[in-house]
Amino acid sequence: QEDCAMKKNLLALCAATTIAVLPCVTSAGPAKPAEDPPRIIEIRSLYQQFMKDREQAFMMTDRYESNTRQLQIPARGPVTYRITVWRYDETIWEQLNSDRPVPKGWLAQMVYSDCSDCTDGRATYEFLFDEKNNLIFFYQSAPKSMERRYYFTAEKPVRVVEGKEIVDTINAEHRSVSDGMILRAAYELKRAYMPDIFMK
């Protein structure tokens with residue numbers, strides 16, 4: 001019931017749209033582009049385009065916040081979520097970049113913290129979607145956990161990067177993480193809900 005109430009409250013905030021640039025440390029993976037197959041290069045290129053143009057404030061940013069009063073969640077204590085969604089503003093893009101087509105897709109960043117005013121309990125998750133609203137890339141940076149990246153085709157993982165290990169042969173464990181947590185959170189993001197995502 002508490003989760004439902006949080007999601008209902010969040011729907012009322014979905015109309016709020018602001019322009020913002022939030023700092024984050026992200027990477028599409030350790031492999032060199034020349035070593036990657038075409039699909040990975042394509043995803044990497046779109047991700048890097050978002051990183052570059054977001055810094056130039058060419059994005060529309062939708063901000064959703066939940067539990068900003070540090071309410072106590074049973075068995076978890078104070079938890080805060082913050083989601084920022086970057087989408088290209090086509091009118092602004094065309095005025096400033098008439099020589100380049102508008103990149104398609106959108107990027108969502110979720111910052112999760114289980115303590116107030118701390119960095120040790122802070123985790124960052126990023127979800128990159130294509131123009132068809134399909135998840136194509138996921139990035140995780142969480143305390144006491146290695147960095148994790150998932151690359152997708154048709155919302156099926158095609159590459160997993162955990163720390164410095166690059167895996168192109170997807171196993172059952174990877175699919176369990178993908179289907180059980182990543183894609184579930186991506187689905188809720190597309191529906192403008194606050195994902196129930198505890199990956200630490």
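I began with the largest nonpolar core, which has 24 residues; Y125, F127, F129, L135 and I182 touch the most other members. For a core I took buried Ala, Val, Leu, Ile, Met, Phe, Trp, Tyr and Cys residues joined through side-chain atoms within 4.5 Å. I then listed the elements that give two or more residues to this core: β5 (80-88), β6, β7, β8, β9 (148-153) and α4 (172-190). Helix α4 gives the most, six residues. I also found a second, separate core of 19 residues, with L46, Y47, W86 and V161 among them.

I noted the ground rules next. The model is predicted, so I kept local features at pLDDT of at least 70 and side-chain atom pairs at pLDDT 80 or more, while totals for chains, interfaces and linings use all residues. Residues are numbered from 1 along each chain as its sequence is written, and side-chain values use heavy atoms, with hydrogens and water left out.

**Strands**

I looked at β7 (residues 122-129) and found seven of its eight residues buried. My cut-offs on relative accessible area were under 20% for buried, over 50% for exposed and partly exposed in between (1.4 Å probe, protein chains only). Helices (H or I, at least four residues) and strands (E, at least two) are DSSP runs, numbered from the N terminus.

I checked the neighbours of β7. Strand β6 (residues 106-113) runs antiparallel to β7, and eight bridges join them. One pairing I noted is Y112 with A123 of β7. On to β8 (residues 135-141): six bridges join this strand to β7, again antiparallel. Here Y125 has Q140 of β8 as its bridge partner. I counted strands as paired if DSSP finds at least two bridges between them. The hairpin of β7 and β8 has five residues between the strands, and N133 there takes a positive phi near 75°.

**Salt bridges**

How many salt bridges does the whole structure hold? I found nine. The test was a side-chain nitrogen of Lys or Arg within 4 Å of a carboxyl oxygen of Asp or Glu.

I logged E42 with R39 at 3.4 Å, N to O. They sit three residues apart in helix α2 (residues 38-55), so about one helical turn separates them. E42 is partly exposed at 49%, and R39 is partly exposed at 25%.

I logged E147 with R149 at 2.7 Å, N to O. Is R149 buried or exposed? R149 is buried, at 3% relative accessibility. E147 is partly exposed at 32%.

I also traced a network of salt bridges that links D36, R44, R159 and D168.

I logged E90 with K104, whose closest N and O atoms are 3.9 Å apart. This pair links distant parts of the chain: E90 is in helix α3 (residues 90-96) and K104 in the loop between α3 and β6, 14 residues apart. E90 is partly exposed at 43%; K104 is partly exposed at 43%.
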